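Subject: A structure for you to explore

Hi there,

Here is the structure I promised to pass on. Please open it and have a look around before you read my notes below.

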Amino acid sequence: MDNWQRLSKFSIVFFVFKQLKGLLNIAPAFLFAGYSLRNNIDFNSPYFLLAVFGFVLLIFLLACVSYLNFYYIQKQDRFLVRQGFIFKKKTELPFARIQNINLTRPFYYRFFDLTILKMDSAGSAKNEINLAALTIEQAESIKQDIQQFIAKENTKEIIEASQYKTLDLEQLSEQVYQEQFSTVKVLNTRSLTDIIINGITNNRAWIILAAGAPFAQNIVEKTFTYLSGLGFDAQTYLEQSSIIIMTIIAITLFIFLSFIFSLLSVLGSIFSFYQFKLTYNEKNKSYSRTSGLFTKYEIHLKQSRVQSIWWKQNWLDVLFNRLNMKFEPFSEKQNQQASEFFGKIMVPSIHKNQFKKMASHCFDGLDFDIEKIKPVNIYSYIRTIYWLSLPVSLIVFTLLFLQQSFLIFALVVPSIVFIILNTVCFQMYKRSGYLQLDDYIVIRKGFIGFSYAIFPKYKIQQVKKQQSIWLKKRGLASVKFVLASGSIKTAVLSEIIVDNMINSSLYQLQKRNQSWM
């Protein structure tokens, strides 16, 4: 009879946070409903407190049910998990198919020396197993068992070779295991200064400020009421102030709020990337990333699974002369992100020379110069004039004219809209570019910052030439490259260039005959 095991009772905490994380997807709906019904809810009422207590109790009970219905068993060559109360689910994960084994230590487990063991096959969330609340020794033991099994499977082919026929399987597999999982090289580390710069450059304060704009009036009213309670009539003071004083106050308030949100962004960056280390296992040919202040993350990614690498640089990164590097892995479904912990590896706030060094390490023979990026056809910009700028400007003019606005106002506003849209589209055209190397393709896009996508030609799954009748008359086209991690599309290019890129990609794909995995 199979010896099914239960997790530690500490795993209930993991299931609680899992339930809360699931609720985050519908959190905006709850916030909107709560804000809409704020005048009808008595927050001091015992019924409200009872409802909150009932909600917390429900989350805890659901976590307990998940714990009581979660069983696992480790067999000689596979892992089996049985879970679910109403909808039963059984997951079977053979050791030979396991691509990643990651250890994550959330803040609520670090004080007890517990961890979460995460395993997946080929980036599939469907075949992902999470074993929560294991001791470090238990997790490392399971990880070592799986790695030794994989090493033994790899050794069987070696045993068949004549020069190794006299060797013992166990002896040689142990040797292979030591070689595969013991040779580690540090590729990159990030200092606290680098992490702080990443928090500043990737600040999304303006998004939060824009999201809070609809509630600005209510926030201002409550602020005035609060200040009045302290004896300061802010509304009267502002009404009696000059425009210059009010402008200074508004700018100061904006800077203060931006500083607060920037500080939160820096703290978030420290929580995620503290003690960041990117290593490479030379024998196993895989990357590993470890980082985290309270929650320790360990992410593994085989080099062969990297489909493309990305150079991400927004306008603040440009000012600091920094960029973020992303390793895009295989995803089970195109245009869909891989599972949370087995997905992309991002190296934050690095310099250009560091990017080039790691890019050439990941993709052998890659050597590109951003100065050699070629521009796209200007028709990429021209067609946005009559497909975007003109229609939107005409719509704005029509709406203003129908509202019987002044003729000058009805002409000036659409003109401003037209100029803004044209400026944005022209800037995006200037940022677009491409570069075709012997074995690689580089696609550049951007607005104020830059985004470079670099991928080997042999990783391409499909190539799609896209050409409308208007483009065909002008001898123009664009090309869409479909990778296992998603699709990458160029801007409008000469049809001759597009055909050359397609033919070159298909030729390299056939010539190398190399697996994209």
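What follows is a short tour of the salt bridges I found. Please keep in mind that this is a predicted model.

Let me begin with the general idea: side chains of opposite charge can pair when their charged atoms come close. Taking a distance within 4 Å between a side-chain nitrogen of Lys or Arg and a carboxyl oxygen of Asp or Glu as the rule, the count is eight salt bridges. Here are some of them.

One is formed by Asp113 and Arg105, whose closest N and O atoms lie 3.5 Å apart.

Now turn to Arg190 and Asp194, whose side chains form a salt bridge with an N to O distance of 3.4 Å. Here both residues are buried.

Next, look for Glu495 and Lys465, where the salt bridge has an N to O distance of 2.8 Å. Lys465 has a relative accessible area of 34%, so it is partly exposed.

Enjoy exploring!

Best wishes

Key. Residues are numbered from 1 along each chain as its sequence is written. This is a predicted model: local features need pLDDT of at least 70, side-chain atom pairs count only at pLDDT 80 or more; totals for chains, interfaces and linings use all residues. Side-chain values use heavy atoms; hydrogens and water are left out. Buried means under 20% relative accessible area, exposed over 50%, partly exposed in between (1.4 Å probe, protein chains only).
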